[in-house]
Amino acid sequence: MTTAVPVRRHRHRDPPRPDGEGRRADHGAWFLVLPALIPILLLSVGPLLYGTALAFTDAQSGRTAPTQWVGLLNFRDLLHDRLFWESFRIGLLWAVGVTVPQFLLALGLALLLNQNLRFRWLARSLAIIPWAMPEVVVGIMWRLVYHPDAGVLNETLSGLGLAGDTDWLSGLATALPAVVVVGIWAGMPQTTVALLAGLQNTPHELHEAAALDGAGAWRRFLTVTWPAIRPVALSISALNFIWNVNSFALVYVLTNGGPGGRTRLPMLFAYEEAFRYGQFGYAAAMGCVMVAVISVLLAGYLAGRLRGGDA
């Protein structure tokens with residue numbers, strides 16, 4: 001009786017390339033990347049480095065004396081600036097107040113648009129209209145809606161027999177909630193589109209199998225739908241929160257930070273310090289703090305993605 005001798009199979013390995021060929025391939029790769037890299041360096045990295053350097057100076061507008069290097073003086077003043085930290089608190093309230101309802105409403109809308117409804121294509125087209133509008137246009141439109149004398153909102157409330165003379169954007173108690181509503185409305189389409197894409201990638205057979213097992217709609221959502229869209233939901237929520245912390249244009253058009261600083265977000269506060277009061281160095285220090293905060297949030301998001309194996 002003969003014993004079969006196992007045949008050792010060797011992996012096929014490509015012959016090593018000469019050093020000159022490898023260097024030429026690397027140079028070719030850099031050449032292909034340059035058209036995308038140059039605008040990033042000029043429009044993002046360059047201004048970021050310049051702003052960081054400016055934060056360590058006493059640069060001011062209209063100043064005839066040369067700019068002096070002051071080290072960490074601007075950052076030390078920031079630590080004791082009550083108005084800046086108040087704007088930081090308002091910014092966190094704004095970011096949470098917009099991101100959480102935005103996600104919940106967008107999830108409901110995505111679930112609805114994922115159903116086999118008549119004119120679904122039209123509903124999907126209408127749902128993304130706010131996303132196609134510039135923030136300045138959105139702000140102007142909602143200023144008209146909130147107008148205390150001729151606004152649509154007050155006219156509707158008057159028609160229902162309710163108080164229809166509220167100055168929504170100038171009231172101390174109503175300004176921030178009114179702006180949050182606009183932020184939710186303006187940001188819902190992109191969240192809806194992302195969640196709808198995740199829903200459409202969920203195998204329909206899983207829903208049919210769960211229904212045959214007697215699972216109701218809520219049970220199917222928890223066991224089938226949510227696990228399938230969870231990576232997309234976490235990603236879009238984290239990115240929305242970072243974008244909302246970094247908001248500027250919408251609030252600037254609606255309230256310009258008023259009344260009494262109740263809607264003054266950190267980026268708006270830095271803008272006022274730079275272009276209203278001319279404190280370029282101090283405003284640059286505020287920008288550095290915000291870049292650091294956003295970088296920490298982004299690093300936490302990326303670490304969570306890598307830990308969860310979703311990267």
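**Aromatic pairs and the core**

Reply: Happy to! The count comes to 16 aromatic pairs in this predicted model. Take F84 and F88: their ring centres are 6.2 Å apart and their planes meet at 50 degrees, so this pair is tilted. The two residues are 4 apart in helix α3, which means that about one helical turn separates them. F84 is buried, with a relative accessible area of 0%, and F88 also counts as buried, at 16%.

A stacked pair is formed by F248 and Y252, with 5.3 Å from centre to centre and 15 degrees between the planes. Here F248 is partly exposed at 27% relative accessible area, and Y252 is partly exposed at 31%. Both belong to one aromatic cluster, together with Y271, F275 and F280.

Now for the core. The largest nonpolar core has 39 residues, and F84 is among the members that touch the most others, along with L78, W94, V182, L254 and M286. Elements giving two or more residues to this core include α3 (82-113), α8 (175-200) and α11 (249-254), while α13 gives the most, with 8 residues. Leaving aside residues up to four places away in sequence, V182 touches V138, W142, Y146, L250 and L254. There is also a second, separate core of 12 residues, A110, L113, A127 and L199 among them.

Terms used:
Residues numbered from 1 in each chain as written. Predicted model: local features only at pLDDT ≥ 70, side-chain atom pairs only at ≥ 80, totals over all residues. Heavy atoms only, no water. Core = buried A, V, L, I, M, F, W, Y, C linked by side-chain atoms within 4.5 Å. Buried < 20%, exposed > 50% of the residue type's maximum accessible area, 1.4 Å probe, protein only. Contact = heavy atoms within 4.5 Å. Phe/Tyr/Trp six-rings, centres within 6.5 Å; stacked < 30°, edge-to-face > 60°.
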